[in-house]
Each structure stands twice: as structure tokens, then as C-alpha cells.
Amino acid sequence: FIMFFILVTMSNTFEVLLEHLGNKNVTVLVIAVNMSCIAILIAGQWHRERAAIDVRLCMFRVQDCSVFSESDRTTVYSNIAKLMRSCGAVSSIAVDEQALEAFNALVRKTL
């Protein structure tokens, strides 16, 4: 509906401007308006995609991530747990599940 309204408004405006400004100036103006409409549509799409990414990041859990091969999952979890222990995010005696939860919280907070 919005695009229809814009097109109708532009066609009516185009006729009025053509009478007052001449072909060259109106052509430049119409191009500028069209480019502005395109930029608005792209910005709106980008905003919706960014909002969807933010929602997914708020609910991030490494345990829900896909891996190329399920046999890799334990190695990935183990490496994340080692990383979280070595950087001091969890204690050196923390179990892997605690380290993974700390990683999840870090991802949600940082990204």
C-alpha cells in the first residue's frame, strides 16, 4: 500500500513539476526521489534483519549450534571449556557444563 501511495503521489507530483521546472530538473528530482525510496526500503530490511539477529543472540546457546559432524561436538565443547578455564572466566576445576554456560553468557553479553 505504501509503495502504491508513493507511486501515485510521485506521478501527480511529476506532472506538476514538469510544468514548472522543465524536463531536465524534473528528471534529476525523480531519480533522487526514487533512490531515496530504495534507500528507505533497504534500510528497513536491514533493520528487520538486525533485530532478528539480536533476538537470536539473546537466546544463544552453544549447545544448540550445529556442527559438521556430531562426533566433533565433544571436541568443540572440550576446547571451549579449556578456553574458558584458561582465561579465568570459570575456575580451573569447573566442569565443562559450567564453562559452556559461561561461554553462552559471554557471547550474549559481548555480541
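Mentor: Start with Arg50. Its relative accessibility is 37%, so Arg50 counts as partly exposed. This is a predicted model, so read every value as computed. The side chain of Arg50 meets that of Asp54 in a salt bridge, at 3.3 Å from N to O. Both residues sit in helix H2, 4 residues apart, so about one helical turn separates them. Asp54 is also partly exposed, at 31% relative accessibility. Side chains of opposite charge can pair when their charged atoms come close.

Helix H2 has another face to look at. Met35 lies in helix H2. With a relative accessible area of 52%, Met35 is exposed. Together with Ile31, Ile38 and Ile42, Met35 forms a nonpolar patch on the surface. The accessible area of that patch is about 410 Å².

Back to the charges. The count of salt bridges comes to 4. One of them joins Arg73 and Glu70, at 2.9 Å from N to O. Arg73 and Glu70 are 3 residues apart in helix H3, about one turn of the helix. Glu70 is exposed, at 53% relative accessible area. Arg73 has 15% relative accessibility; the cut-off for buried is under 20%, so Arg73 counts as buried.

Another salt bridge pairs Asp96 with Arg85, at 2.4 Å from N to O. Asp96 is partly exposed, at 35%. Arg85 is partly exposed too, at 21%.

Now use Arg73 as the way in to Val62. Val62 and Arg73 are 11 residues apart in sequence, and their C-alpha atoms are 9.9 Å apart in space. Val62 belongs to the loop between helix H2 (23-58) and helix H3 (70-86). Beyond its neighbours within four places in sequence, Val62 contacts Arg73, Tyr77, Ile80, Leu100, Phe103 and Asn104.

Take Asn104 from that list. Asn104 lies in helix H4 (residues 96-110). Its relative accessible area is 0%, so Asn104 is buried. Its side chain reaches the backbone nitrogen of Val62 at 2.8 Å. Asn104 also touches Phe60, Arg61 and Gln63, leaving out residues up to four places away in sequence.

The largest nonpolar core holds 13 residues, and Val62, Ile80, Met84 and Phe103 touch the most other members. H3 and H4 are the elements that give two or more residues to this core. Follow Met84 next. Setting aside residues up to four places away, Met84 touches Ala89, Val90, Ala99, Ala102, Phe103 and Leu106.

Finally, the whole chain. There are 4 helices and 0 strands, in the pattern α-α-α-α along the sequence. Of the 111 residues, 17% are buried. Among contacts with a separation of 6 or more, 40% join residues 24 or more positions apart. The chain exposes about 8,500 Å², and carbon and sulfur atoms supply 68% of that area.

Terms used:
Residues are numbered from 1 along each chain as its sequence is written. This is a predicted model: local features need pLDDT of at least 70, side-chain atom pairs count only at pLDDT 80 or more; totals for chains, interfaces and linings use all residues. Side-chain values use heavy atoms; hydrogens and water are left out. Contact means heavy atoms within 4.5 Å. Buried means under 20% relative accessible area, exposed over 50%, partly exposed in between (1.4 Å probe, protein chains only). Accessible areas come from the Shrake-Rupley method with a 1.4 Å probe; for residues, only the protein chains shown count as cover. A polar contact is a pair of N or O atoms within 3.5 Å; within protein, one must be able to donate a hydrogen and the other to accept it, and residues adjacent in sequence count only if both atoms are side-chain atoms. A nonpolar core is a set of buried Ala, Val, Leu, Ile, Met, Phe, Trp, Tyr and Cys residues joined through side-chain atoms within 4.5 Å. Patches are made of residues with over 30% relative accessible area and no salt bridge: like charges are joined within 9 Å, nonpolar side chains (Val, Leu, Ile, Met, Phe, Trp, Tyr) within 5 Å.
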